[in-house]
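Biologist: I would like to learn how to read a model like this one. Where do we start?

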Amino acid sequence: MPERLLPLAAMEKMLKQSGAERVSDKAKAALKNIVEEKANEIAVKAIQLAKHAGRKTIKGEDIRLAAKE
């Protein structure tokens, strides 16, 4: 069973806050997968940035910089 990092309810809430009236289960799952993939890519880049700076602690600036790339 795949690990659930983000709940589907949060994906539905995000889509509805963006203007969707109704959201299918497949749409929630698709958004969840994409958001988790992108978050993982950002996390990996942020870890590399912190290591390059000689730190073990990931800071907000690492996350912001990694997200820009």
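Modeller: With the elements. Helices (H or I, at least four residues) and strands (E, at least two) are DSSP runs, numbered from the N terminus. Here the protein has three helices and zero strands. Their order from the N terminus is α-α-α.

Biologist: What kind of model is it?

Modeller: It is a predicted model: local features need pLDDT of at least 70, side-chain atom pairs count only at pLDDT 80 or more, and totals for chains, interfaces and linings use all residues. Residues are numbered from 1 along each chain as its sequence is written, and side-chain values use heavy atoms, leaving out hydrogens and water.

Biologist: What does the radius of gyration tell me?

Modeller: Take it over C-alpha atoms; the globule rule is 2.2 Å times the number of residues to the power 0.38. A compact globule of 69 residues would come near 11 Å, but this protein has 15 Å. The C-alpha trace spans about 45 × 30 × 15 Å along its principal axes.

Biologist: How do I judge the length of α2?

Modeller: The expected span is 1.5 Å times one less than the number of residues. Helix α2 (residues 25-52) has 28 residues and reaches 41 Å from first C-alpha to last, close to the expected 40 Å. Just after α2, Gly 54 has a positive phi of about 80 degrees.

Biologist: Which residues of α2 are buried?

Modeller: Buried means under 20% relative accessible area, exposed over 50%, partly exposed in between (1.4 Å probe, protein chains only). In α2, Lys 28, Lys 32, Glu 36, Ile 42, Ala 46 and Ala 50 are buried. Across the protein, 14% of the 69 residues count as buried.
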